[in-house]
Amino acid sequence: MQHPENSDSYSGLTVNPGIPQPPTVNPYLRPRQRRRDNTPSTSEIIQGILRGDITMLSRAVTLIESTAQPHQAIAQEIIEKCLPHSGDSRRIGITGVPGAGKSTSIDTFGIHAINQGHRIAVLAIDPSSERTKGSILGDKTRMEKLAVHPDAFIRPSPSAGSLGGVARKTRETIILCEAAGYDTILVETVGVGQSETAVHSMVDFFLLIQLAGTGDELQGIKRGIMEMADGIIINKADGDNIPRALLAQAQFRNALHLFPTPPSGWTPEVLTYSGYYEIGIPEIWDMIDRYFAHVKANGYFDSRRASQARYWMFETIDSQLRAHFYDNPMIHSLIAEKESRVLRQRQSPFTAAREILDTYFDKINP
């Protein structure tokens, strides 16, 4: 490059050419080798589950919770291979109003069971926000002892606005946990509501946690939830709250006499305890032991497991039919068209629904 300062008229000024710049690409740089894909195969995941590998178990649960079709296919294969190794466990559902101490109680129950030689798996269903669809998934933080114990596995799952869907995934997760060697499965629900029905259909023993001295005691005596409970425990029975806990215990016992005898032939018991101070924990486990001895002796345990399997078969059929209907592109566009007509009051909702279904059965599935 010529500079005007180098002309003869500027004899006293010169511009040095400077230092030549190195090339932009390092000649000594070798192309980086691609990192090998460390994703385990399906057989490796199954073998890891059967030998109790928590990492492989967590990967399999993630596949179950995924909505991607390839992941669902792999998850179903894993479940089918693990199914023969499942079934030999105690499935216990735990429910109660928010703030009743479910997570604290599970932490205490779990450590007590582990000290008795059991392995504990905790499946917590966490409610999702209706606005953001997000979940905190913070139940594990309240189980401080179980969270760090090698014989415990804790897995919180978001409800994602569909209790039926997360319940189905939870039931499949139970199969994997049993195949991994966990002999006690604790399923924590989101609270008193619709989730209890779904959880009741996948557990052997349903435990209801109640509080005393929190207001109208009749609010806790609801026919639906009381009929599902196999055992009722009054939490926070310590200090000045002991008289109120004993009063609540008597009220619940009197209320249970109004209900017919459950199909299991077991009369639900009402106990008091303190999860924080770990008072009355052995008595609760003794009640659970007596329940399982009772239902296994009269054959109700096996019949209930069979009815649950049949129930989830039909639930899966219903969910698959709904997914096949709503995921169809033609139905998706037709629904948008009919919805617009219904909102403009050009067509009634009933005729719109009939036309959509007629299109589905006549053109898509003739």
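1. Buried means under 20% relative accessible area, exposed over 50%, and partly exposed in between (1.4 Å probe, protein chains only). At 24% relative accessibility, glutamate 65 is therefore partly exposed. This is a predicted model, in which local features need pLDDT of at least 70 and side-chain atom pairs count only at pLDDT 80 or more, while totals for chains, interfaces and linings use all residues. Residues are numbered from 1 along each chain as its sequence is written, and side-chain values use heavy atoms, with hydrogens and water left out.

2. Ten salt bridges are counted, each being a side-chain nitrogen of Lys or Arg within 4 Å of a carboxyl oxygen of Asp or Glu. One of them joins glutamate 65 to arginine 155, at 3.3 Å from N to O. This pair links distant parts of the chain, 90 residues apart: arginine 155 is in strand β3 (residues 152–158) and glutamate 65 in helix α2 (residues 54–65). Helices (H or I, at least four residues) and strands (E, at least two) are DSSP runs, numbered from the N terminus. Arginine 155 is buried, because its relative accessible area is 15%.

3. Arginine 305 and aspartate 204 form a salt bridge whose closest N and O atoms are 2.8 Å apart. Here too distant parts of the chain are linked, 101 residues apart, with arginine 305 in helix α11 and aspartate 204 in the loop between α7 (195–200) and β5 (205–210). Arginine 305 counts as buried at 14% relative accessibility, and aspartate 204 is buried at 3%.

4. Glutamate 355 and lysine 338 meet through their side chains in a salt bridge of 2.3 Å, N to O. Glutamate 355 belongs to helix α13 (residues 349–364) and lysine 338 to helix α12 (residues 329–343), so the pair ties together parts 17 residues apart in sequence. Glutamate 355 is partly exposed at 29%, whereas lysine 338 is buried at 11%. Separately, Glu269, Asp286 and Arg290 are linked in a network of salt bridges.

5. The second largest pocket has a volume of about 370 Å³. On a 1 Å grid over the protein atoms alone, a pocket is an open set of points where a 1.4 Å probe fits, with protein on both sides within 12 Å along at least five of seven lines; lining residues have an atom within 4 Å of a point. The volume is the space filled by probe spheres set on the points, which are joined across faces, edges and corners.

6. Which residues lie nearest the centre of the second largest pocket? They are Glu227, Pro260, Thr261, Pro262 and Pro268, out of 21 lining residues. Two or more lining residues come from each of α8 (223–228), α9 (242–256), β7 (269–272) and α11. The most come from α8, with three.

7. Met313, Phe314, Ile317 and Leu321 make a nonpolar surface patch of about 390 Å². Such a patch takes residues with over 30% relative accessible area and no salt bridge, joining nonpolar side chains (Val, Leu, Ile, Met, Phe, Trp, Tyr) within 5 Å. Areas come from the Shrake-Rupley method with a 1.4 Å probe. Isoleucine 317 lies in helix α11 (residues 300–326) and is partly exposed at 40%.

8. Glutamate 278, in the loop between β7 and α10 (281–297), has a positive phi near 55 degrees. Glutamine 345, in the loop between α12 and α13, has a positive phi of about 60 degrees although it is not a glycine. Glutamate 278 is partly exposed at 43%; glutamine 345 is exposed at 73%.

Notes. Patches are made of residues with over 30% relative accessible area and no salt bridge: like charges are joined within 9 Å, nonpolar side chains (Val, Leu, Ile, Met, Phe, Trp, Tyr) within 5 Å.
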